[in-house]
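Biologist: Could you walk me through how to read the features of a model like this one?
Modeller: Let us look at it together and take the features in turn.

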Amino acid sequence: MAYPSNTSAERLFTASTTQVVTLPPLVQNDVVYLHISSDGSSSISSIVGDNANTWTLEGSEGSVAYVYSSPQGATPDTTVTVTFAATEKIHADIFVVKGADTTTPTSAIATTSVSSEYSVACPTITPAAGEL
């Protein structure tokens with residue numbers, strides 16, 4: 001059964017086109033979700049882990065919020081380099097899901113609508129049996 005573990009947050013307040021996010025330890029064969037919020041309107045041009053694990057965009061809200069996932073293999077990433085088209089400051093939230101299906105980690109994707117600057121309407125999703 002999959003369960004969340006090793007959550008962390010990182011604030012990178014130095015403006016740069018390249019931001020390096022440090023992942024928590026012990027994520028071998030787990031799924032890592034990375035939520036990135038930026039202070040501007042520049043889009044992400046690439047996201048690359050230091051051990052070449054694949055990062056998939058799960059969703060975004062304009063050019064200020066992104067969610068990526070990455071099934072980590074036998075050699076997990078320890079850092080992720082996020083490159084923007086222009087200079088940004090970011091906040092990164094990292095969620096590790098232990099015991100998740102690393103072949104199809106996300107089978108239910110919810111879409112959201114922003115009703116105001118301070119309120120996000122979140123839909124209900126129903127994951128398949130055995131998924132988080």
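**Strands, burial and a salt bridge**

Modeller: The protein chain holds zero helices and eight strands, where helices (H or I, at least four residues) and strands (E, at least two) are DSSP runs numbered from the N terminus. This is a predicted model, in which local features need pLDDT of at least 70 and side-chain atom pairs count only at pLDDT 80 or more, while totals for chains, interfaces and linings use all residues. Residues are numbered from 1 along each chain as its sequence is written, and side-chain values use heavy atoms, with hydrogens and water left out.

Biologist: How many salt bridges does a search of the whole structure find?

Modeller: A salt bridge is a side-chain nitrogen of Lys or Arg within 4 Å of a carboxyl oxygen of Asp or Glu. Here the search of the whole structure finds one, and the side chains that meet in it are those of Asp-30 and Lys-98, at 2.6 Å from N to O. Because Asp-30 lies in the loop between β1 (3-22) and β2 (31-38), and Lys-98 in strand β6 (residues 79-98), the pair ties together parts that are 68 residues apart in sequence.

Biologist: Is Asp-30 buried or exposed, and what is the case for Lys-98?

Modeller: Buried means under 20% relative accessible area, exposed over 50%, and partly exposed in between, with a 1.4 Å probe and protein chains only. Asp-30 is buried at 6%, and Lys-98 is also buried, at 17%. Across the protein chain, buried residues make up 33% of the 132 residues.
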